[in-house]
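This report looks at side-chain pairings and their setting. Please keep the structure open while reading.

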Amino acid sequence: MAEPPAPGEIRPLNSSTDVPLGGRPTALILSGGASLAAWQGGALYALERRGIPFQAVLGTSAGSLNGAAYLQGDTELLKKLWTDIPREKLMRFSPRLSPPSLFSMDAVRRALGELLSEERCRARRRCWFYAVSVDIRNGGTVQAQYSPEPDGPWDSPFLDHVLGSIAVPFVFPPVEVQGARPDAPRRLLVDGHLTSFAFLDTLVERGARDFLFLNVVGGRGPRRTPMGLKRYANALITEAMQSQLVNSVEVLRRHRRSEEFRAYEFHPSEPLNMSVFGFKKAECRWAFDLGLQDAEACLKDLPTRRIL
């Protein structure tokens, strides 16, 4: 494998095939999908084992959790999380009316606080990391950013921004965080897929030229299921994931330097017919293992995975 570029280094692309994936600044785009992100965790674990470096990682919803594990330099955490998912810790039924939600965010905070460490992330600083959420109090998308540079931007508290990114409306309550400046209004964050859009301009400005999307609902998509909450949730997630991918690639396509970019999509080789918010261990283990296999297969057939 080619020597990986330093953060922000731009290497010229002589043709569409002469630089391997990871051979020049590469951004990893991680969509959400609740328990479906177990497949994404397996794919990322496989990419890490292959030594493919990412200069930037952007995560939305459950993708921000996988991205945080990468930032922390603890991809073994991905395996631990998704093959032995602590459902009883994550999904604590605690309905409330204001704001309306079904499960406790305090329980999720405690569970993820045992896995993620802002101190370790600061010490490792292995890439640019962005956690995408939506501010429903002030409006607009929030991309909390974490720099690999000692004096670069770092939006604390780290865990709060990850929690905000995964706070699916009506499932979990929103997460309140301080604005970017001490005098800024406090934000109320929910799942970043509420807008189905990822802003890639910042990644481009910081040198990214290749983009890899780990899309949990690509390919044939979920199988048809009986009418009910499961089918409705699958339909919403499919629309959000696909919209983020399409909108993001279109931004790259229209960019004045679009001829410099390459974009790839890895997706499951078979439908992830899982309970989206069930976080069942057997299902998550199966999806994680499928992600391992699919990432290896995609790397062997990379040209067919190119979408830009």
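## A pair within helix α6

Glu-118 and Arg-122 both belong to helix α6, four residues apart, about one turn of the helix. Their side chains meet in a salt bridge, with 3.8 Å from N to O. That falls inside the cut-off, because a salt bridge needs the nitrogen within 4 Å of the carboxyl oxygen. The model is predicted.

How accessible is Glu-118? Its relative accessibility is 22%, so Glu-118 counts as partly exposed. Arg-122 has a relative accessible area of 35% and is partly exposed.

Some salt bridges share partners. Arg-24, Asp-210 and Arg-262 are joined in this way into one network. How many salt bridges are there by this rule? The count comes to 13.

## Bridges between distant parts

One of the salt bridges pairs Arg-126 with Glu-48, and the closest N and O atoms are 3.0 Å apart. This pair links distant parts of the chain, 78 residues apart. Arg-126 sits in the loop between α6 (118–124) and β5 (128–135). Glu-48 sits in helix α1 (residues 37–49). Buried or exposed? Arg-126 is partly exposed, because its relative accessible area is 21% and buried means under 20%. Glu-48, at 22% relative accessibility, also counts as partly exposed.

Glu-114 forms a salt bridge with Lys-89. Here the closest N and O atoms are 3.3 Å apart. This pair too links distant parts of the chain, 25 residues apart. Glu-114 lies in the loop between α5 (105–113) and α6, and Lys-89 lies in helix α4 (residues 87–90). Glu-114 has a relative accessible area of 55%, so the residue is exposed. Lys-89 is partly exposed, at 38% relative accessibility.

## Charges over rings

Arg-126 has another partner besides Glu-48: it lies over the face of Tyr-70, at 3.8 Å from the ring centre.

Which ring does Arg-206 sit over? The charged end of Arg-206 is placed over the ring of Trp-128, 3.7 Å from its centre.

## Aromatic pairs

The whole structure holds eleven aromatic pairs. One of them joins Tyr-146 and Phe-158. A pair of aromatic rings is described by the distance of the centres and the angle of the planes.

Tyr-146 and Phe-158 are both buried. They also belong to one aromatic cluster, together with Phe-129 and Trp-154.

## The whole protein

The secondary structure comes to ten helices and ten strands. The protein has 308 residues, and 56% of them are buried.

What share of the contacts with a separation of 6 or more comes from residues 24 or more positions apart? The share is 73%. The protein exposes about 13,500 Å². Carbon and sulfur atoms supply 52% of that area.

Technical notes. Residues numbered from 1 in each chain as written. Predicted model: local features only at pLDDT ≥ 70, side-chain atom pairs only at ≥ 80, totals over all residues. Heavy atoms only, no water. Helix = DSSP H or I, 4+ residues; strand = E, 2+ residues; numbered from the N terminus. Buried < 20%, exposed > 50% of the residue type's maximum accessible area, 1.4 Å probe, protein only. Contact = heavy atoms within 4.5 Å. Areas by Shrake-Rupley, 256 points an atom, 1.4 Å probe, with all protein chains shown as cover. Phe/Tyr/Trp six-rings, centres within 6.5 Å; stacked < 30°, edge-to-face > 60°. Lys NZ or Arg CZ within 6 Å of the ring centre and 35° of its normal.
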